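Please keep the sequence and the model in view while reading.

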Amino acid sequence: MKLQRKNRRALALGAIAVSGALALTACGSDDTSSGGGATGGATAAAGNIKCDDAKGQLLADGSSAQKNAIDAWVKQFTQACGVQINYKGSGSGAGITAFTNGQVAFAGSDSALKPEEVTASKKVCTGGQAIDLPMVGGPIAVGFNVSGVDKLTLDSATLAKIFDSKITNWNDPAIAKLNPGVKLPSLKIQPFHRSDESGTTDNFTKYLIATAEKDFPYEGGKAWQAKGGQSASGSSGVAQQVKETNGAIGYFELSYAKDGIKPISLDTGASAPVEATVDNATKAIGEAKVVGTGKDLALKLNYNTTADGAYPMVLVTYEIACDKGNKADTLAATKAFLRYVASEDGQKILAENDYAPIPADIIAKVRTTIEGLS
């Protein structure tokens, strides 16, 4: 009888593993996941997730840039721990507002917290404050849709002029000079930017300001400031408009550059134009410095790098949580989830979904900080 029960138990566990693998295989082609979804290797990693006392449901909101990564992580975490996580992905600005209003357990932001946002967080972080935990890296892809053009190289000055409506046609001499031999059509450029407050916008404009300030004379920030263009909500919205519009160009995370959208190569002054890839973004993020104080791990990126193979138009998404004073009913689940996404298994999923893992020395500090959350 014991042997029969053992065999039945083994068969049941095998069925669960197969069903989990099938579920992951079925996902991944819609707008909230990247190309192939999480891989079989990630499925096996779900068994390594430390759940502790995690239970119930977590509400979270913020960066749409990391939405595809969050979706992949949630599949693994929910399978292992049973905790339901509802991450809206409404944008970095909305996420921070929801967090400082006490509406979510954690938020995602593609920009580090501002001093006034830290101050506001003290109302919900009893005895503590919100901190930045860098968790997701990746290139900001500039995707284009120009009939008959498969490859395109642009530099920061030309990008700045395009998104500020100073260059308005695809056969402009400035674009032609960067693309010898490419037949550029006489076609109106239709640039798309974010309509919502976005950390992607913040990082995209930081790059333009740092590398082409005279051509992009704006302060930058989460809200779009340049002239002209059209807007759409979220990275998925911008990507959809680019996909549907001949002559369009827009910025979003690499995981959204699919289904016919082609990303540009970036002329940074390196020996050759640099493609928007995970490896090239990781090389650029490796030059980042931790500038946060205390437990805050905000980073300063080097947008001006000219190193070969370094793609500097990158962003880092932070998970925002209280260092102290997290709500008692969500603390265990929040720590367990953040512990998983910062783990080696969690970071591995990033590369499988067109994101860049956080460099080893920085993610080690993140792991230590998460263990101290209270």
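The paragraphs below take up the chain as a whole, then its aromatic pairs, and lastly one threonine.

The model is predicted, and for this reason local features need pLDDT of at least 70 and side-chain atom pairs count only at pLDDT 80 or more, while totals for chains, interfaces and linings use all residues. Residues are numbered from 1 along each chain as its sequence is written, and side-chain values use heavy atoms, with hydrogens and water left out.

The chain has 13 helices and 14 strands; these are DSSP runs numbered from the N terminus, with helices being H or I of at least four residues and strands E of at least two. Of the 374 residues in the chain, 55% are buried, where buried means under 20% relative accessible area, exposed over 50%, and partly exposed in between (1.4 Å probe, protein chains only). Contacts are heavy atoms within 4.5 Å. Among the contacts in the chain with a separation of 6 or more, 75% are accounted for by residues 24 or more positions apart.

Rings of Phe, Tyr and Trp (its six-membered ring) pair if their centres lie within 6.5 Å; planes under 30 degrees apart count as stacked, over 60 as edge-to-face and the rest as tilted. By this rule there are eleven aromatic pairs. One of them joins phenylalanine 163 and tyrosine 251 edge-to-face, at 6.0 Å centre to centre with 65° between the planes. Because phenylalanine 163 lies in helix α6 (residues 156-163) and tyrosine 251 in strand β8 (residues 248-253), this pair ties together parts that are 88 residues apart in sequence. Phenylalanine 204 and tyrosine 251 form a stacked pair, 4.4 Å centre to centre and with 15° between the planes. Phenylalanine 204 belongs to helix α8 (residues 199-211) and tyrosine 251 to strand β8, so the pair ties together parts 47 residues apart in sequence. Phenylalanine 204 is buried, at a relative accessible area of 0%, and tyrosine 251 is buried at 0% relative accessibility. Ring pairs link Phe163, Phe204, Phe216, Tyr218, Trp224 and Tyr251 into a cluster.

Where does threonine 268 lie? Threonine 268 is found in the loop between β10 (265-267) and β11 (274-275). With a relative accessible area of 15%, threonine 268 counts as buried. A polar atom of its side chain lies 3.3 Å from the backbone nitrogen of alanine 270. Not counting residues up to four places away in sequence, threonine 268 touches Val274, Thr305, Thr306, Ala310 and Pro312.

Technical notes. A polar contact is a pair of N or O atoms within 3.5 Å; within protein, one must be able to donate a hydrogen and the other to accept it, and residues adjacent in sequence count only if both atoms are side-chain atoms.
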